[in-house]
Amino acid sequence: MLETVRALTTEYDMLPRGGRVLCAVSGGADSICLLHLLHSLSAEGGFTVAAAHYHHGMRGEAADSDAAFVEHFCKERNIPCVVERGDVYGEAERLGLGVEETGRQLRYEFLRRTAEQLGCDRIATAHNADDNLETLLLHLVRGAGLHGLAGIPPRRGAVVRPLLTTSRAAIEAYLAEHGLGHVEDCTNSDDSYARNRIRHQVVPVLRQLNPRLTESAAETMGYLRADNDYMNAQAAAACSHARWAEDDLVIEAKYIAQLPAAIAPRAARRMLEMMGDGNTDCSAAHLKAIVDLATGDDPSAVAFLPNGRLVQRVYKDLLFTTQSDPLPPFVPTPLNLEGETAPEGTPWRCSCRAADCPPAGEEVPGAFYLARAGLEEPLVLRPRQTGDEIALPRRGGTKTVKKLFIDEKVPRRERERVPILADGRGVLAVAGFGPDKSRLAQPGQSAYELIFWKKE
């Protein structure tokens, strides 16, 4: 198992030497195996590990017990751990989405936010080879193109899956070998979920036909993934001709219209991904509608898409935009330097207190420390302004806040509600993303300790 994990993590640069990996931990067998394994490999690999557990606000006391188990597991091993509670049912009702999709969105938002706050370079999830097999079968049942049949990618940006080529049986053997306990989610036995029916009723029959089913499927998905990556690269090259017009994306229709039929829909999907307006999981029919706009001769045709998006033909151009009006900006609010600040009109909150910057690794989870020397008070929480720039830790160079929001897929209508912490010299931090690295305190320096969080 170790050699399998080492091969995959090396191939996809999952565990950067000198970096930090945030491990998503539910408390189940897979995630406990992953956390223990990463913690064991961290010394020889030259990286550090932190853990994050998202409490979905579901399953009552059982979920409370899961969170407590994860916290205890991490405390025993001195692994930094962040636990956050959400309200999946309430958010699903507000968004008009299914509970599973909402839970996934909230969980990944939490992981990205926590990774930024803790300075993590990667987010590791515990998807395994059997999960990938089940995903392939689900896509076959529902109907899918090459993108779906390629299965779960080993890496997507900062999100990595070190166990993706490891079977569930190998994971269980690892837990037994190391005497590791874990929790069981009662919903895993509920066959009202399609994935559980696949796992309990379909896979056993297929495994009778081919005992190496998991391995064979993994090989097939690897071949399909290589083909898929090549065609995606061709689509991305075509989309490099797109340009921004404020928050809208524009491309000459010819760049999509002239693509082969296998690549044009991928270019349409890539354009939606570039928009950064939330879920881009459009159906094949939606993508075909975009391609039809590009190849058609109606100079003002429109394709309406999910989540309030639309694509409009404007003579020779395609305009990717949104129907929903942005929420109004909140009122700028002075930061309370000794307590909590809750700007009206935004769900974000910020706590601040004076403190010396602690040594690396001893920071309060989720906190960052601004050097007091050089601050030009007052410090204010305000909406973004034209020209705002920030250089986030571990993110390379300086980037405009506008481009940051686009790249990180902050929904357009939400962008005016994300607080910017600023002083007289400029941006100090962006809620949910972190501080400007040039304004951070060094260990031992006088600082302000700040924590941003969203009110439920």
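Asp-64 counts as partly exposed, at 37% relative accessibility. In this predicted model, Asp-64 meets Arg-85 in a salt bridge of 3.4 Å, N to O. The count of salt bridges comes to 20.

- Arg-85 is partly exposed, with a relative accessible area of 44%.

- Arg-270 pairs with Glu-273, their closest N and O atoms 3.8 Å apart.
- The two are three residues apart in α12 (residues 264–275), so about one helical turn separates them.
- Arg-270 is partly exposed at 35% relative accessibility, and Glu-273 is partly exposed at 27%.

**Network**
- Arg-168 and Glu-134 form a salt bridge with closest N and O atoms 3.2 Å apart.
- This pair spans 34 residues, from Glu-134 in helix α6 to Arg-168 in helix α8 (residues 168–178).
- Glu-134 is buried at 2% relative accessibility, and Arg-168 is buried at 18%.

**Helix α6**
- Helix α6 (residues 129–142) reaches 20 Å from first to last C-alpha, close to the 20 Å expected.
- Ten of its 14 residues are buried, so α6 is largely enclosed by the rest of the structure.
- Among the buried residues are Asp-131, Glu-134 and Leu-137.

**Surface**
- Arg-104, Arg-112, Arg-156 and Lys-409 gather in a surface patch of positive charge.
- Arg-104 lies in helix α5 (residues 99–118) and is partly exposed, at 37%.

Terms used:
Residues numbered from 1 in each chain as written. Predicted model: local features only at pLDDT ≥ 70, side-chain atom pairs only at ≥ 80, totals over all residues. Heavy atoms only, no water. Patch = residues over 30% accessible without salt bridge, like charges linked within 9 Å, V, L, I, M, F, W, Y side chains within 5 Å. Areas by Shrake-Rupley, 256 points an atom, 1.4 Å probe, with all protein chains shown as cover. Salt bridge = Lys/Arg side-chain N within 4 Å of Asp/Glu carboxyl O. Lys, Arg positive; Asp, Glu negative; His and termini not counted. Charge placed at Lys NZ, Arg CZ, Asp CG, Glu CD. Helix = DSSP H or I, 4+ residues; strand = E, 2+ residues; numbered from the N terminus. Buried < 20%, exposed > 50% of the residue type's maximum accessible area, 1.4 Å probe, protein only. Expected span 1.5 Å × (residues − 1).
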